[in-house]
Amino acid sequence: MKIYDEIHRFARDYIKDKSQRSTWKKRRIREAYELLTGKKIKISCSTCYIEALLTIVNNTKMAARNYELKKGVLLQAFGHPAKTCTNDTLTDELAEWHLKESPEKIKFFSRYPAKVRTIPPSDIKIVVPKKEEAKVEETEIIDPEEPDRSATDPVTEALGSAMEGKQPDLEEEVKPPIKRKPVKRKR
Amino acid sequence: MTIGCNQIVDCILKNCAQLVPGIKDIAYFINYDHVDKDLSTFDPDNPLLLTSLVLKTVSPEAFAYCVSGYNFSNEHNTALVKKTYQKVWDHNFIFRVFDNTPETKLWIKNAAGSRFIVVIENNYSKVDPAGVLPTGRTVFEVLGWDQGLELNAAERNTADEEVLGGWVLTAGSSDKIKESLPPLSLFVGGTLLLTRAAIASMLAPCCDD
């Protein structure tokens with residue numbers, strides 16, 4: 001079964017990228033094709049290799065292992081020498097044991113089921129924060145019909161110019177301030 | 001007052017274990033870009049002891065590729081290079097390919113255009129006489145950790161009496177930019193057995209052929 005797994009792993013790159021068509025991959029395809037069909041591939045026919053590859057991929061399945069370690073990683077657990085493993089010796093049970101003991105080891109895995117990320121460690125209690133009551137801020141709604149007072153109020157203008165050291169235009173008739181309508185407040 | 005950044009803090013005592021020269025005929029080549037330096041780890045007390053060498057998960061798949069010599073045809077040397085202000089290290093790996101197939105030439109052409117690190121296996125495996133330090137820390141070494149090595153020379157002489165028309169290849173540090181440290185020792189999991197297992201998990205399937 002291992003030879004089919006190998007072929008499944010490099011099949012996509014082999015078809016996509018000519019530079020990946022190395023001798024050992026061709027040898028594996030020849031071996032697997034002969035194992036599967038009993039037929040031999042012509043050594044010099046590059047199209048035959050691709051056809052053989054597709055036949056192998058369509059008629060075999062990859063080994064059903066859910067977890068895979070990155071190459072070169074050695075998983076160890078203090079006090080549990082029997083749990084030491086590399087990718088070559090990893091099983092799903094071992095992977096789940098390691099991830100339960102120390103979830104941060106997920107970074108050493110190149111393949112794992114998606115649900116693993118949500119498994120909390122046994123010694124950590126997840127506290128869900130209480131929902132705060134939504135506060136409704138009181139907002140003043142400006143009457144659209146009301147003119148902008150700050151811009152048109154002559155008293156304000158006069159005050160502003162006095163602060164700036166200017167003399168107000170005395171000839172201009174000073175109008176009394178406009179009475180504002182009561183503003184409705186919404187809650 | 002010291003002129004540098006380091007000080008000597010330990011002794012070197014007489015080594016009664018007999019040194020064994022040479023390296024094994026098999027070496028492992030890893031593309032420089034495929035090394036996951038974030039997940040690889042060092043001994044906290046010694047930056048020359050690599051305790052985990054991890055490859056990235058990339059497509060096409062990253063591997064350690066085997067290069068097999070024959071009858072001690074692989075050689076390694078390293079040397080201190082003194083620059084004006086700093087001292088750096090030159091790593092070299094000389095190996096011979098006793099073949100001249102199109103596949104061999106394609107390999108050489110690809111190697112000439114790439115950077116890689118090389119893992120070598122020394123014949124010398126020191127056994128600590130006091131039994132304190134684990135055995136096997138002197139076995140595997142990593143060349144080109146900082147910058148990677150490149151192919152500095154590739155020569156084929158059909159009249160060569162030693163290689164008989166094969167290739168003599170020299171991989172080494174770049175001409176100007178050298179390594180900051182001597183070759184790193186690789187020792188994973190505290191035993192030589194686990195170090196071998198970790199290396200085995202990186203090997204390309206073609207190593208079995």
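The paragraphs below go through the cores, the chain interface, the salt bridges and some local backbone features of this predicted model.

Residues are numbered from 1 along each chain as its sequence is written, and chains are lettered from A, with ligands numbered from 1, in the order in which they are written. Local features need pLDDT of at least 70 and side-chain atom pairs count only at pLDDT 80 or more, while totals for chains, interfaces and linings use all residues; side-chain values use heavy atoms, with hydrogens and water left out.

A nonpolar core is a set of buried Ala, Val, Leu, Ile, Met, Phe, Trp, Tyr and Cys residues joined through side-chain atoms within 4.5 Å. Buried means under 20% relative accessible area, exposed over 50%, and partly exposed in between (1.4 Å probe, protein chains only). The largest such core holds 25 residues, and I30(B), L53(B), V119(B), F140(B), V142(B) and L186(B) have the most contacts inside it. At least two of its residues come from each of β1 (26-31), β4 (64-68), β7 (116-121), β8 (140-143), β11 (184-186) and α2 (192-200) of chain B. The helix α2(B) gives the most, with four residues. Helices (H or I, at least four residues) and strands (E, at least two) are DSSP runs, numbered from the N terminus.

Leaving aside neighbours within four places in sequence, F140(B) is in contact (heavy atoms within 4.5 Å) with several residues, among them Y28(B), V119(B), E121(B), L186(B), R196(B) and I199(B). A second, separate core has 18 residues, including F29(B), V97(B), L143(B) and W167(B).

Because R196(B) lies in helix α2 and E121(B) in strand β7 of chain B, the pair ties together parts 75 residues apart in sequence. R196(B) is partly exposed at 37% relative accessible area, whereas E121(B) is buried at 7%.

Over all chains the count is 10 salt bridges. In chain A, R28(A) pairs with E6(A) at 2.6 Å between the closest N and O atoms. This pair joins helix α2 (residues 23-37) to helix α1 (residues 2-16) of chain A, across 22 residues. R28(A) is buried at 6% relative accessible area, and E6(A) is buried at 13%.

The interface of the two chains takes 25 residues from chain B and 21 residues from chain A. Together the chains bury about 1,900 Å², 56% of it on carbon and sulfur atoms; buried area is the accessible area (1.4 Å probe) that two parts lose on being put together, summed over both. Three salt bridges cross this interface. In one of them, R9(A) meets E61(B) at 2.5 Å, from helix α1 of chain A to the loop between β3 and β4 of chain B.

In the loop between β4 and β5 (75-82) of chain B, N71(B) has a positive phi of about 55° although it is not a glycine. N71(B) counts as exposed at 54% relative accessibility.

Notes: A salt bridge is a side-chain nitrogen of Lys or Arg within 4 Å of a carboxyl oxygen of Asp or Glu.
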